[in-house]
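Please follow this explanation with the structure open beside you, taking one group of helices at a time.

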Amino acid sequence: MDDDKIIELYWEREENAIKETSLKYGRLCTYIARNILSSYEDTEECVNDTYLAVWNVIPDERPNRFSAFLSRITRNLALKKYEYISAAKRNPAAVISLEELGDCVSGVDSVESEVEKRRIENTINKFLWEQNEEKRNIFIRRYWYFDSIDNICKRTGFTQSKIKSMLYEMRKKLRKYLEREGIEV
């Protein structure tokens, strides 16, 4: 079923919308949540929470790209769940990914305002679209989907050394880019 029809099911408050979403995007949502949470049970809970969140949000909002909309909700819920359980156990890959980016986009007080968050998000998006597709995809795989370096190597055929070097260079460029745009890092 195409995305517009699924969204229409949500607008009509048809429970079948969740089933169709699960059929089409369940693997994507699971992949995103699993890369952050590492636990099957936590991942499954997060994906189910995603469907509930979409059910509650769609009447107020009609997403342009349904897959991106679902991905964002899943990722945000998984990060909240991760934060909640992180005192007891940690996913090293997610911790490392977040620490790597920490030098570029640290938690400065001004980032707390929604306007500043949107500005930073738009600036990072603009930066990424200025990169070639290969670098952009590697960056997104690492810092959006929390893919491990090994996973990225398998997808691209590059060595670990090359991937790490590309990510390091992109983080440096991003930091300079953000500073040029007047964003504190």
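**How the helices cross and face**

In this predicted model, helix α2 and helix α3 cross in a right-handed manner. Helix α2 covers residues 16–37 and helix α3 covers residues 40–57, and their axes come within 8 Å of each other, crossing at roughly 130°. Because of that angle, α2 counts as oblique to α3. On the side of α2, the residues that make the contact include I18, T21, G26, C29 and L37, while among those of α3 are D42, C46, Y51 and W55.

Helix α2 also packs against helix α4, which is made of residues 66–85, and here the angle is about 35°, with the axes 9 Å apart. The crossing of α2 and α4 is right-handed. Among the residues of α2 that meet α4 are Y25, L28, I32 and I36, and the partners in α4 include F66, L70, T74, A78 and Y82. T21 and C29 of α2 belong to the contact with α3, and T21 and C29 also take part in the contact with α4.

We can now turn to helix α9. Its 21 residues, 160–180, should span 30 Å at 1.5 Å a residue, and the C-alpha atoms at its ends are 30 Å apart, which agrees with that expectation. The buried residues of α9 are I163, M166, L167, M170, R171, L174, Y177 and L178. Seen down the axis of α9, these buried residues fall within an arc of 135°, so they line one face of the helix. The face turned away from that buried side carries the exposed residues S161, K176 and R180. After α9 comes G182, whose phi is positive, near 80°.

Note on methods:
Residues numbered from 1 in each chain as written. Predicted model: local features only at pLDDT ≥ 70, side-chain atom pairs only at ≥ 80, totals over all residues. Heavy atoms only, no water. Helix = DSSP H or I, 4+ residues; strand = E, 2+ residues; numbered from the N terminus. Expected span 1.5 Å × (residues − 1). Buried < 20%, exposed > 50% of the residue type's maximum accessible area, 1.4 Å probe, protein only. Arc of directions from axis to C-beta. Axes fitted to C-alpha atoms, helices over the stretch in contact; angles between N-to-C directions. Parallel < 35°, antiparallel > 145°, perpendicular 65-115°, else oblique. Left-handed = near helix turned anticlockwise from the far one by under 90°. Contact = heavy atoms within 4.5 Å.
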